[in-house]
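Reader: Hi! I'm new to this one, could you walk me through it?
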Amino acid sequence: MRLAVIGCGYVGLVTGSCLAKAGHEVMATDNDPARMAMLDSGRLPIYEPGLDRVMESACAAGRLRFTSDCAQVVRAADAIFICVGTPPLDSGEADLSAIDGVARQIAAAARSPKLVIEKSTVPAQTGEQLRHALGVYGRSNGATFRVASNPEFLREGTAVADFFHPDRIVVGVEDDGSEGQLREIYKPFLEGRFHCPIHEPKCPPGPGPMFLVTTMASAELIKHASNSFLGLKISYANLIADLCEKLGGNVEEVTRAMGLDPRIGPYFLNAGLGFGGFCLPKDIQAFIRLAEKHGIDFGLLKEVEAVNKRRIEQFVEKVRRALWVVKEKTVGVLGLAFKPNTDDVRFAPAIEVVRRLIAEGATVRASDPFAINRARLLLDGVEFVEDPYDVARGADALLLLTEWQEYRELDWKRIYREMARPLVMDARNMLAPGKMKELGFEYHSFGRPDLTANTVLASS
Ligand code: UGA
């Protein structure tokens with residue numbers, strides 16, 4: 001099939017590259033000239049494991065092309081994926097101006113029937129608005145438009161594997177023709193013809209995904225409801241961690257046992273610094289606002305947000321208590337990305353923690369395997385270094401803020417020798433408290449017994 005992808009961010013690039021890899025003809029466009037220049041020269045504007053290989057091979061096979069000419073992309077395609085950003089407005093609502101702009105561009109350029117698919121995360125009923133806009137602005141072109149919603153469930157860091165082995169493919173449609181076209185687009189994935197080209201343990205072939213056909217509004221709601229529920233699980237685990245700290249429990253023991261109940265499930269119950277990134281926080285906000293607009297008080301989600309925001313302050317307070325005086329202390333930071341295996345620092349809890357420590361007069365030296373360049377744009381007054389051992393050198397405290405696997409594998413004996421004071425504050429519960437104690441560290445994490453010889457943390 002001839003497909004268009006409008007918007008070359010995380011979602012657009014993964015969608016376009018994977019669909020081209022699976023055999024479709026894909027043309028992709030973006031209105032950011034710098035991004036297009038990078039893609040033209042074969043470089044990726046983001047770090048996403050395995051995406052470079054998928055993109056390269058799709059381009060080499062002549063099935064994936066990039067151009068700044070949006071009208072050309074629209075005219076060449078039977079189906080168009082809208083993958084533009086929907087960032088939060090000050091009110092928390094999703095800013096749909098990019099969707100609106102693209103709708104008008106599609107309407108103006110199209111000369112034949114098109115299926116327009118919203119892949120961007122949008123509030124329910126956006127599809128209806130989109131259909132209306134396409135009809136109105138395209139009324140004199142002789143083109144007809146059908147609209148569908150096909151939300152993505154890609155996680156940054158494993159997005160390629162998620163695309164090749166989805167749990168479910170949700171299509172919100174209004175007619176059989178659109179359903180048929182979408183089945184055709186996803187046929188290679190439904191038939192399991194393609195295995196994930198990046199061989200990660202996380203992507204076993206597994207059973208094929210469920211293809212769910214719903215109304216457009218349901219599909220739009222499924223996306224917001226799913227991300228909000230993930231946030232709810234995390235905030236729940238974080239409150240359990242707080243209780244464990246007060247009562248002497250261990251949050252890992254509690255959530256592990258909870259997760260063995262299939263009605264609860266083991267995932268997204270890791271306590272720590274809370275959730276960040278460009279999806280969960282903004283989608284929860286947008287869902288709350290959407291509910292409010294329609295007379296429903298989603299107080300439950302407001303609490304999820306509030307619990308999540310408090311994590312930063314709770315952690316900084318732990319640092320304050322451990323360090324006694326923060327001003328003029330050297331604090332090493334390992335991890336800036338909002339989670340491992342991505343260079344994305346948008347709404348990263350780590351960034352907020354660093355800002356607060358700087359404001360309190362600490363000297364911060366920070367590292368991240370991939371996110372330093374992006375973090376530089378958000379943080380002033382931080383010394384960035386590549387080598388984690390340089391971060392530890394002479395530090396009064398070492399903060400683990402993103403759970404990169406390489407940090408687990410550091411030579412912690414060496415870190416102990418490098419530090420002025422062997423104090424490790426693990427905001428992601430990455431390391432084993434017993435082992436850290438054995439090595440002589442003062443070690444603090446969330447919701448687990450501190451097991452520290454010389455702890456100065458009050459237990460209340
Ligand atoms: C999220 C969803 O997981 C995807 O299904 C969805 O497609 C995507 O948003 C999107 O809307 O595009 P992502 O933003 O990549 O994916 O990140 P997650 O893996 O969901 O992690 C979000 C945050 O939660 C991270 O900061 C992570 O550290 C934190 N987290 C996750 C926890 O604090 N505890 C956990 O147990 C799990």
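Author: Happy to; we can look at the ligand and then at a sheet.
Author: This is a predicted model, where local features need pLDDT of at least 70, side-chain atom pairs count only at pLDDT 80 or more, and totals for chains, interfaces and linings use all residues. Residues are numbered from 1 along each chain as its sequence is written, and side-chain values use heavy atoms, with hydrogens and water left out.

Reader: Thanks! Which residues come nearest to the ligand?
Author: Glu-152, Glu-156, Lys-223, Asn-227 and Lys-339, out of 21 residues around the ligand. A residue is near if one of its heavy atoms lies within 4 Å.

Reader: How far is the side chain of Glu-152 from an oxygen atom of the ligand?
Author: An N or O atom of that Glu-152 side chain is 2.7 Å from a ligand oxygen, a polar contact (a pair of N or O atoms within 3.5 Å). Backbone atoms take part too: a polar one of Phe-338 is 2.9 Å from a ligand oxygen, and an N or O of Leu-269 is 3.3 Å from one.

Reader: And how much of the ligand does the protein bury?
Author: The protein buries 93% of the 720 Å² that the ligand exposes when taken alone (accessible area by the Shrake-Rupley method with a 1.4 Å probe).

Reader: Which element gives the most to the shell?
Author: That's α9, with four residues. Helices here are DSSP runs of H or I with at least four residues, and strands are E runs of at least two, numbered from the N terminus.

Reader: How many bridges join β9 to β12?
Author: Four, between residues 330-334 and 397-400. Val-333 stands opposite Leu-399 in β12.

How values were computed
A polar contact is a pair of N or O atoms within 3.5 Å; within protein, one must be able to donate a hydrogen and the other to accept it, and residues adjacent in sequence count only if both atoms are side-chain atoms. Two strands pair if DSSP finds at least two bridges between them.
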